[in-house]
Amino acid sequence: MISQNRHLPGALLLAALATGNAHATNGYFTHGTGVRAQAVAGVSFALPQDALAAATNPAGTALVGDRLDAGITWFQPDRSSSISGNLAGANGSYDGNDDAWFLLPDIGFTSAVNEQLSWGVALYGNGGMNTGYESNPYAAFGATGTAGVDLAQAFITPSVAWKSGAHSFGAAATFAYQRFEARGLAPFDGFSSRPGSVTDRGHDSSAGWGVKLGWMGEVHENIILGAAWSSEIDMSNFDDYAGLFADGGGFDIPESYGAGIAWEASEALTVAADWQRILYSDITSVGNPLAPLLTGVPLGVANGPGFGWEDSDVYKLGAVYRVTGALTLRAGVSHMDQPIPGSETFFNILAPGVIETHVSLGASWALSDRNEWNVAYTHGLEKTVRGTNSIPMPFGGGEADLTMHQNILAIGYTRHF
């Protein structure tokens, strides 16, 4: 267990990054880090655009110059669920928007030591999940009060990158801090190995370290390839929720990796594409299905029941068009295989991260050679996942359906040195 004093850097980080709570886009990973990346639907592996590039590919630290980028992102998620065919009386529609919107800042800085070596640091949120049901979907099973979860994740990523000819190589360490709260889940207390550590324990926090490695290279005239890997981050346990999450409160951050290509089609136009894979299923509390609960395996034990999320592939396409020396336009679209199967929707009423498609657009306006403003807007198209034998018979059977869409607006400032 990490002591309270050792949690202090994480608490300061979260306070600096999150004036609100959490959000969900690609599962519970954000769709893009930094205003410019958000404007092209998150395309980043071969298209570094600012000092936050290391969040995706640390090789980009060598390619963006001496600069400071700061931004603030406004999230307005709309999450809901419905239950039908339930014999316990839970049928109905439920609005999970107790908290209607959130703010999430980010900031990055990069500097060149010489023509080959650069360093940087990025502070950002990579993901999370928040639901708040004033009308508790689990009330028919004995729950009281509001229901929901609040998961927020924040990161500090210092990076170094080495440029050699047409190639750059980067490495980064990542300090991760996360905070979690669950409310209104009393019916699951009776299915736990640690009753009393399932719900309504207030916020708990955890921390851990991981690494990132990346490469970018100009493999042909006007064509850049990139690839990067982010390790799984072994987080300290949420001890206050040791009866909810598998492995006594374990909630590690999944490994992810991906690759991209950027093509400078003309002096004005660059087109880029990414593929990313997120290994949600490797995290026990996230990837294990709920079904073992009905065969006598309680919540909270080693390799215990979880949310049943599957691994996800994300595909992104973006374009950057330089209209004038001062004005640059951006647009993008992304699609992912959402991670929640229809058989797992009942527990995921708490975490309906089902959005599959994002469309984005944005612009940059240079006030001078040193100062620039950036803006991006993203819409997560509405997606509904229908339950398939999703509610166990001990809870009355029937189906739980999950629906979500989202609006995201980001504004940022760039200072070149």
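**Figure 1. T174 in strand β6.** T174 sits in strand β6, which covers residues 167-183; helices (H or I, at least four residues) and strands (E, at least two) are DSSP runs, numbered from the N terminus. The model is predicted, so local features need pLDDT of at least 70 and side-chain atom pairs count only at pLDDT 80 or more, while totals for chains, interfaces and linings use all residues. Residues are numbered from 1 along each chain as its sequence is written, and side-chain values use heavy atoms, with hydrogens and water left out. T174 counts as buried because its relative accessibility is 2%; buried means under 20% relative accessible area, exposed over 50%, and partly exposed in between (1.4 Å probe, protein chains only). The side chains of T174 and T157 make a polar contact at 3.1 Å. A polar contact is a pair of N or O atoms within 3.5 Å; within protein, one must be able to donate a hydrogen and the other to accept it, and residues adjacent in sequence count only if both atoms are side-chain atoms. With neighbours within four places in sequence set aside, the contacts of T174 are Y124, F155, I156, T157, G208, W209, G210, K212 and I233 (contact means heavy atoms within 4.5 Å).

**Figure 2. N26 in a loop.** N26 lies in the loop between α1 (8-17) and α2 (35-39). N26 is buried, because its relative accessible area is 1%. Apart from residues up to four places away in sequence, N26 touches H31, I278, Y280, V314, K316, M336 and H358. N26 and N126 are 100 residues apart along the chain, and their C-alpha atoms are separated by 10 Å.

**Figure 3. Strand β4 and its partners.** In strand β4 (residues 117-130), ten of the 14 residues are buried, and the strand is mostly covered. Strand β3 (residues 102-112) pairs with β4 in the antiparallel sense over six bridges; two strands pair if DSSP finds at least two bridges between them. A hairpin of four residues joins β3 to β4. Along this pairing, A112 stands opposite S118 in β4, and I107 stands opposite L123 in β4. β4 also pairs in the antiparallel sense with strand β5 (residues 148-164), over twelve bridges. Here M129 stands opposite L151 in β5.

Figure 4. Strand β1 (residues 67-84) and strand β15 (residues 399-416) pair in the antiparallel sense over 18 bridges, with R79 opposite M404 in β15. β1 and β3 run antiparallel and are joined by nine bridges; F109 in β3 is the bridge partner of L68. Strand β14 (residues 371-385) pairs with β15 in the antiparallel sense over 13 bridges. In that pairing, V375 stands opposite I411 in β15.

**Figure 5. The largest pocket.** The volume of the largest pocket is about 790 Å³. On a 1 Å grid over the protein atoms alone, a cavity is a set of points where a 1.4 Å probe fits but cannot get out, and a pocket is an open set with protein on both sides within 12 Å along at least five of seven lines; lining residues have an atom within 4 Å of a point. Grid points are joined across faces, edges and corners, and a volume is the space filled by probe spheres set on the points. The largest pocket is lined by 36 residues, and L47, P48, Q49, L63 and R322 lie nearest its centre. Elements that give two or more residues to this lining include β6, β7 (204-220) and β11 (312-322). The largest share, three residues, comes from β7. By class, the lining has 13 nonpolar, 13 polar and ten charged residues; Ala, Val, Leu, Ile, Met, Phe, Trp, Tyr, Cys and Pro count as nonpolar, Asp, Glu, Lys and Arg as charged, and the others, Gly among them, as polar.

Figure 6. The structure holds six cavities of 30 Å³ or more. The largest cavity has about 330 Å³ of space. Of the 30 residues that line the largest cavity, A55, N126, K212, S256 and Q276 lie nearest its centre. The second largest cavity has about 140 Å³ of space. Its lining divides into twelve nonpolar, no polar and no charged residues, among them Y28, M129, L151 and W309.
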